[in-house]
Amino acid sequence: MQKLVITAGPYSFEGKFELEAAPRTCAAFLRHLPFVSKIVHVRWSGEGVWMPLGDLDFGVGYENNTAYPAPGHIILYPGGVSETEILLAYGGVQFASKAGVLSGNHFITLTSGLENLYTLGRKTLWEGAQDIRFELVG
C-alpha cells in the first residue's frame, strides 16, 4: 500500500488524506502528485507555512473548510478573495490574508514526524523558503 510522504526542508513527514471529509480536494491534489513547491512563513495567520500558488486552479470549491487548522493539518484555499494556496499549520493559526480571515479545505493530516513540525516552522521563519515535496511511496 502506498503512503503519502511530505519532505519539507530537511524533515520528512507521513500524512493521510482526509478522503471522507474532503473527497474532491483529495482527488484534485492526487492528480498533481508528485507536487513540488516552496514553503514560506505565513504573513498574517500565525504559526504556519504556506505555498503561494497564484492562479493555479484545482477545480474545487469549499469542503471540510476551516479558518483554524490544528498543528499538522494541511489546508487548500481554492482561490477567490486571495490567491490559491496551501497552508501547513505548525502551531496556532487563524488563516487570513490582507483581505481578512479566510477558510481552506482541510485535506491532509500529518501522522508522523510531528516532533519536527515546530522546528520546520521556525527554520522557515528565520532562514527563509524551504523546498517541499508531496509524493506517494511504497
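Colleague: Before we look at any one residue, what does contact mean here?

Modeller: Contact means that heavy atoms lie within 4.5 Å. By that criterion, and not counting residues up to four places away in sequence, glutamine 130 touches Gly9, Pro10, Ser37, Lys38, Ile39, Lys123 and Thr124. Please keep in mind that this is a predicted model, in which local features need pLDDT of at least 70 and side-chain atom pairs count only at pLDDT 80 or more, while totals for chains, interfaces and linings use all residues. Residues are numbered from 1 along each chain as its sequence is written, and side-chain values use heavy atoms, with hydrogens and water left out.

Colleague: How far apart are glutamine 130 and proline 10 in sequence and in space?

Modeller: They are 120 residues apart in sequence, and their C-alpha atoms are 8.6 Å apart in space. Across the protein, among contacts between residues at least 6 apart in sequence, 71% join residues at least 24 apart.

Colleague: Is glutamine 130 buried or exposed?

Modeller: Buried means under 20% relative accessible area, exposed means over 50%, and partly exposed lies in between, using a 1.4 Å probe and protein chains only. Glutamine 130 has a relative accessible area of 10% and is therefore buried. Of the 138 residues of the protein, 49% count as buried.

Colleague: Which backbone oxygen does the side chain of glutamine 130 reach?

Modeller: The side chain of glutamine 130 reaches the backbone oxygen of glycine 128, at 3.1 Å. A polar contact is a pair of N or O atoms within 3.5 Å; within protein, one must be able to donate a hydrogen and the other to accept it, and residues adjacent in sequence count only if both atoms are side-chain atoms.

Colleague: How many helices and strands are there, and where does glutamine 130 fall?

Modeller: Helices (H or I, at least four residues) and strands (E, at least two) are DSSP runs, numbered from the N terminus. The protein has 2 helices and 11 strands, and glutamine 130 belongs to strand S11, residues 130-137. Threonine 25, by comparison, is found in helix H1, residues 23-30.

Colleague: What surrounds threonine 25, and is it buried or exposed?

Modeller: Threonine 25 has a relative accessible area of 0%, so it is buried. Leaving aside neighbours within four places in sequence, threonine 25 is in contact with Val60, Glu63, Leu76, Asn105 and Phe107.

Colleague: What are the overall dimensions of the C-alpha trace?

Modeller: Along its principal axes, the C-alpha trace of the protein spans about 40 × 35 × 25 Å.
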